[in-house]
Amino acid sequence: MFPSPNSSQRASNGGSSLGIPSRNVSRKKVVLAPGHSPLDWAALTSKTPKHKLRGVNPNTPPAPYVRIPASEMKNHSSQDDCWTCINGKVYNITPYINFHPGGVEEIMKCAGRDGTALFNKYHSWVNPERLLENCMIGILSV
């Protein structure tokens, strides 16, 4: 039988009663507006034409063929026009901002820049390509 850590050991290592360390990532709870759940996002992306979620002209080539310079990303850093890059792919996250479970303030931390490290810190289990596939604008060119 394994020894059970006492309460002082649990408190000192931040772990569970099983002695498993927990992630000490602080998150504040955000209440999303009605109609902004993950299921609502899925419904929206399934019904909305891709070019509208991408925020581009319908004649724009498909995302994998569009190269976006980092300097262009910086021009899209407001809540009304917001791009980010995750794993080398540039997404127009403007339509997603109000659906973000962490709230607007948190997602705006990656506005207009590469958000890969921040995304992976909080969402390592989430597949951004699936979540934002219809919002992909292109590939970041360095």
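## Largest pocket

A pocket is an open set of grid points where a 1.4 Å probe fits, with protein on both sides within 12 Å along at least five of seven lines. In this predicted model, the largest pocket holds about 560 Å³ of space. Its lining comprises 24 residues, and those closest to the pocket centre are His100, Gly102, Glu106, Tyr122 and His123.

Three elements each contribute at least two residues to this lining: strand E3 (81-86), helix H5 (104-107) and helix H6 (116-123). The greatest contribution comes from H6, which provides four residues. Sorted by class, the lining of the largest pocket consists of 13 nonpolar, six polar and five charged residues.

## Second largest pocket

The second largest pocket contains about 260 Å³ of space. Thirteen residues line this pocket, and Pro38, Trp41, Ala42, Arg130 and Leu131 lie nearest its centre. At least two lining residues come from each of helix H2 (38-47) and helix H7 (128-131). Here H2 gives the most, with five residues. The lining of the second largest pocket divides into seven nonpolar, four polar and two charged residues.

## Nonpolar cores

The largest nonpolar core has 17 residues, and the members that touch the most others are Trp41, Tyr91, Ile93, Tyr96, Ile107 and Leu132. Apart from this core lies another of eight residues, including Val56, Ile68, Trp83 and Val90.

When residues up to four places away in sequence are not counted, Ile93 touches Cys82, Trp83, Thr84, Ile107, Cys110 and Leu132. Of these neighbours, Ile107 and Leu132 are themselves among the members of the largest core that touch the most others, whereas Trp83 belongs to the core of eight residues.

## Aromatic pairs

Two aromatic pairs are found in a search of the whole structure. In one of them, the ring centres of Trp41 and Tyr96 lie 4.9 Å apart with the planes at 70°; the pair is edge-to-face because the angle is over 60 degrees. This pair links distant parts of the chain, as Trp41 is in helix H2 and Tyr96 is in the loop between strand E4 (89-92) and H5, 55 residues apart. Ring pairs also join Trp41, Tyr96 and Phe99 into a cluster.

Trp41 has a relative accessible area of 4% and is therefore buried, the limit being under 20%. Tyr96 likewise counts as buried, at 8% relative accessibility.

## Overall organisation

The protein has seven helices and six strands. From the N terminus on, these elements follow the order α-α-α-β-α-β-β-β-α-β-α-α-β. Of its 142 residues, 30% count as buried. Among contacts in the protein with a separation of 6 or more, 67% are between residues 24 or more positions apart.

## Backbone at Asn87

Asn87 is not a glycine, yet this residue has a positive phi of about 55°. Asn87 is located in the loop between E3 and E4. Its relative accessible area is 45%, so Asn87 is partly exposed, a class that runs between 20% and 50%.

Notes:
Residues are numbered from 1 along each chain as its sequence is written. This is a predicted model: local features need pLDDT of at least 70, side-chain atom pairs count only at pLDDT 80 or more; totals for chains, interfaces and linings use all residues. Side-chain values use heavy atoms; hydrogens and water are left out. A nonpolar core is a set of buried Ala, Val, Leu, Ile, Met, Phe, Trp, Tyr and Cys residues joined through side-chain atoms within 4.5 Å. Buried means under 20% relative accessible area, exposed over 50%, partly exposed in between (1.4 Å probe, protein chains only). Contact means heavy atoms within 4.5 Å. On a 1 Å grid over the protein atoms alone, a cavity is a set of points where a 1.4 Å probe fits but cannot get out, and a pocket is an open set with protein on both sides within 12 Å along at least five of seven lines; lining residues have an atom within 4 Å of a point. Grid points are joined across faces, edges and corners, and a volume is the space filled by probe spheres set on the points. Ala, Val, Leu, Ile, Met, Phe, Trp, Tyr, Cys and Pro count as nonpolar, Asp, Glu, Lys and Arg as charged, and the others, Gly among them, as polar. Rings of Phe, Tyr and Trp (its six-membered ring) pair if their centres lie within 6.5 Å; planes under 30 degrees apart count as stacked, over 60 as edge-to-face and the rest as tilted.
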